[in-house]
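Q: I would like a close look at one part of this model. Please keep it brisk and define terms as you go.
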Amino acid sequence: MAEQHPAPSRRPARDDGLTLGRPDPASAPTAPPESLLYRAPELGSVAQLSARAAVVRLNPRQSAIGSLFVTGSRGAAWEDVSRVTGAQSVHREQIGTAVQTAGGRPLVGYVNRDAVVVLRHVRLLRRALFIAGQGPLTVQAFDGSAVAVAGSLGDGRRTVLTLLRIGSVLELRAESVPREWDDGQIWREFGFSMTIGLGRR
């Protein structure tokens, strides 16, 4: 009579945090990009950005509803998810390529003297920047949450406010450049290369 051996256990291996073989990429959960961010103040929780507190983040609702208004800038630049780039001054002088939304409005552009980001279509946006004029910059969301940053700094520098989309949230960061730099120098410093002659949706 043949010797019988007990059937191998069908219990799943205990997951103790170690890698138990090669994971299946299709079944591995993907963390949203915004979940990997370090903590930052939410828009509306601080009144003003400074060199020591230069970052504020919009929550998912603030990042997706209505429009984001930036008051006090002399110019804005943008880059969409296809790396199409353009810029416009407060006087409507434009270079590069405008990104048109499905509703026919520019994704980033000026309304009167305010730079406006259309948040309904924010997933088209990769990043934007706003160059301070003579006075402070103010950013306001649909719910009234706002933050300000000084436009000209005492050490001969000018504020540039960068806007970055990370997953479903927007992050604002106050940077500075030499006050005498023109817009072209600022665009190059932040890696904006204007896209010329492309038709957009």
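What is the relative accessible area of arginine 74? Then take me through strand β13 and its partners.

A: This is a predicted model, in which local features need pLDDT of at least 70 and side-chain atom pairs count only at pLDDT 80 or more, while totals for chains, interfaces and linings use all residues. Residues are numbered from 1 along each chain as its sequence is written, and side-chain values use heavy atoms, with hydrogens and water left out.

Arginine 74 has a relative accessible area of 24% and is partly exposed (buried is under 20%, exposed over 50%, partly exposed in between, with a 1.4 Å probe and protein chains only). Arginine 74 makes a salt bridge to aspartate 183, with the closest N and O atoms 2.7 Å apart (a side-chain nitrogen of Lys or Arg within 4 Å of a carboxyl oxygen of Asp or Glu). Strand β3 (residues 73-80) holds arginine 74, helix α1 (residues 183-189) holds aspartate 183, and 109 residues separate the two. Helices (H or I, at least four residues) and strands (E, at least two) are DSSP runs, numbered from the N terminus.

Now strand β13, residues 169-178. Of its 10 residues, 7 are buried, so the rest of the structure largely encloses it. Strand β12 (residues 157-166) pairs with β13 in the antiparallel sense, over 10 bridges (pairing takes at least two DSSP bridges between two strands). Leucine 163 is bridged to leucine 172 in β13. The two strands form a hairpin with 2 residues between them. In that turn, glycine 167 has a positive phi of about 65°.

Strand β1 (residues 55-57) also runs antiparallel to β13, joined by 3 bridges. There, valine 55 faces arginine 173 in β13. A salt bridge joins glutamate 171 and arginine 57, at 2.7 Å from N to O. Glutamate 171 is in β13 and arginine 57 in β1, so this pair ties together parts 114 residues apart in sequence. Both glutamate 171 and arginine 57 are buried.

The whole structure has 5 salt bridges. One of them joins glutamate 79 and arginine 127, at 3.0 Å from N to O. Glutamate 79 lies in β3 and arginine 127 in strand β8 (residues 125-132), so the pair ties together parts 48 residues apart. Glutamate 79 and arginine 127 are both buried.

Finally, confidence. The average pLDDT, the predictor's confidence in each residue from 0 to 100, is 85 for the protein. At least 70 is reached by 80% of the residues.
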